[in-house]
Amino acid sequence: MQNDPRPTLRRPSALKLLARGVLFRCPWCGGGGLMKSWFHLKPRCPTCGLRTERGEEDFFLGAMVVNIAIAEGLLALILVGVMYGTWPRVPWLALEIGGPVLMVAAPILFYPVSKTLWLAVELLFRPLTHEELDWHRSSDETTFRRQEDR
Ligand SMILES: [Zn+2]
């Protein structure tokens with residue numbers, strides 16, 4: 001709300017947001033217990049009430065991009081590192097078997113981190129407002145509409 005008399009919400013530093021995201025914590029408040037299961041976040045942070053997908057139906061797309069970037073980027077670094085470290089006797093058979101196995105396993109392993117990390121990136125570029133935080137804490141289940149969307 002433009003005429004909100006409350007002072008602007010202070011966003012945690014970028015480093016703090018990202019570190020909390022990597023540690024499966026709520027990037028906004030640092031509270032834990034966000035994970036419902038390996039593949040699902042709780043709908044809200046148990047500490048501050050922030051909706052973990054910020055009320056957006058396509059939130060998972062950003063998390064998916066983060067997941068692929070982290071998992072496959074790390075895989076590429078490992079493969080190149082092994083080749084560089086063992087040259088000229090590169091264990092090609094191990095890379096041919098281990099590469100595809102890691103390619104499938106890495107996105108599954110990084111799945112939870114990708115969601116909390118994406119939430120951190122989202123909060124970094126689109127900080128919370130009092131109006132949005134009030135909506136997160138309310139029982140209103142409709143999609144939040146930003147002031148500029150109205
Ligand atoms: Zn929180």
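A crossing of two helices is called right-handed if the near helix is turned clockwise from the far one by less than a right angle. The views below all come from a predicted model.

**View 1. Helices H1 and H4 pack against each other at an angle of about 160°.** Two packed helices are described by the angle between their axes and the distance between the axes. Here helix H1, residues 14–22, and helix H4, residues 111–125, have their axes 7 Å apart. Because an angle over 145 degrees counts as roughly antiparallel, H1 and H4 are roughly antiparallel to each other. H1 passes H4 in a right-handed crossing. On the H1 side the contact is made by Ala14, Leu17, Leu18, Arg20, Gly21 and Val22, and on the H4 side by Val113, Thr116, Leu117, Leu119, Ala120, Leu123 and Leu124.

**View 2. Helix H4 is shown with its buried residues and the elements they pack against.** The 15 residues of H4 should span 21 Å at 1.5 Å a residue, and the end C-alpha atoms of H4 are 21 Å apart, which agrees. Among the buried residues of H4 are Ser114, Lys115, Trp118 and Glu122. The buried residues of H4 pack against H1, strand S2 (40–41) and helix H2 (59–86).

**View 3. Glu132 is found in helix H5, residues 130–137.** Glu132 has 21 other C-beta atoms within 10 Å, and because 20 or more count as buried, Glu132 is buried. Although Glu132 and Leu50 are 82 residues apart in sequence, their C-alpha atoms are 9.1 Å apart in space.

Terms used. Residues numbered from 1 in each chain as written. Predicted model: local features only at pLDDT ≥ 70, side-chain atom pairs only at ≥ 80, totals over all residues. Axes fitted to C-alpha atoms, helices over the stretch in contact; angles between N-to-C directions. Helix = DSSP H or I, 4+ residues; strand = E, 2+ residues; numbered from the N terminus. Parallel < 35°, antiparallel > 145°, perpendicular 65-115°, else oblique. Contact = placed C-beta atoms within 7 Å. Buried ≥ 20, exposed ≤ 12 C-beta atoms within 10 Å, placed from the backbone. Expected span 1.5 Å × (residues − 1).
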